[in-house]
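Here is a quick write-up of a predicted model. Have a look at the fold first, then read on for the strands, the core and the rings.

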Amino acid sequence: PFDLDATTHVFDKTADGGVQQVVSDVDDPQQVALIREHLNDLAKRFAAGNFHDPEMIHGSAMPGLHELVVGHERVAIVYSEIESGAQIIYSTEDKELVQAIHSWVDAQLSDHGDHAMSHR
């Protein structure tokens, strides 16, 4: 829904889950609006256990995906706006789900290639 070549995806692991951010690389309010709309929609769907988008892009065998679908009710999924984009924070007290989120973050970083980065 937004220009991949004009955005950066950031995926970071945290002690209790992970953070997914998308920011516009250019000063373009339309891109920022598209990023925010898309991530807000994703956060709502993920919170309901619907991980269809990443499954379509990365395949049903994507690391961590099955565990997130099954355990979504035990994961807090929070959307917020950040400068030039938006973020989704994933957190849980369930150690197995933390590991699933970390595996999912690693897969995102690998599959998004040049469009993705980590701060850690």
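## Strands and core

In β2, Thr7 has Ser24 as its bridge partner. That bridge belongs to a pairing in which β1 and strand β2 (residues 17-24) run antiparallel, joined by eight bridges. A hairpin of two residues takes the chain from β1 to β2. Six of the eight residues of β1 (residues 7-14) are buried, so the rest of the structure largely encloses this strand.

Now for the core. The largest nonpolar core counts 22 residues, and Phe46, Val75, Ile77, Ile88, Tyr90 and Trp104 have the most contacts inside it. At least two residues of this core come from each of α1 (29-47), α3 (65-71), β4 (85-91) and α4 (95-112). Setting aside neighbours within four places in sequence, Ile77 is in contact with Ala43, Phe46, Ala47, Phe51, Ile88, Ile89 and Tyr90.

On to the rings: the structure has four aromatic pairs, and two of them are tabulated here.

| Pair | Centre to centre | Angle of planes | Type |
|---|---|---|---|
| Phe46 and Tyr90 | 6.3 Å | 35° | tilted |
| Tyr90 and Trp104 | 5.3 Å | 65° | edge-to-face |

Phe46 sits in helix α1 and Tyr90 in strand β4, so their pair links distant parts of the chain, 44 residues apart. Trp104 is in helix α4, so its pair with Tyr90 of strand β4 ties together parts 14 residues apart in sequence. Phe46 is buried at 2% relative accessible area, Tyr90 is buried with 2% as well, and Trp104 is also buried. Together with Phe51, the residues Phe46, Tyr90 and Trp104 make up one aromatic cluster.

Key:
Residues numbered from 1 in each chain as written. Predicted model: local features only at pLDDT ≥ 70, side-chain atom pairs only at ≥ 80, totals over all residues. Heavy atoms only, no water. Buried < 20%, exposed > 50% of the residue type's maximum accessible area, 1.4 Å probe, protein only. Helix = DSSP H or I, 4+ residues; strand = E, 2+ residues; numbered from the N terminus. Pairing = 2+ DSSP bridges. Core = buried A, V, L, I, M, F, W, Y, C linked by side-chain atoms within 4.5 Å. Contact = heavy atoms within 4.5 Å. Phe/Tyr/Trp six-rings, centres within 6.5 Å; stacked < 30°, edge-to-face > 60°.
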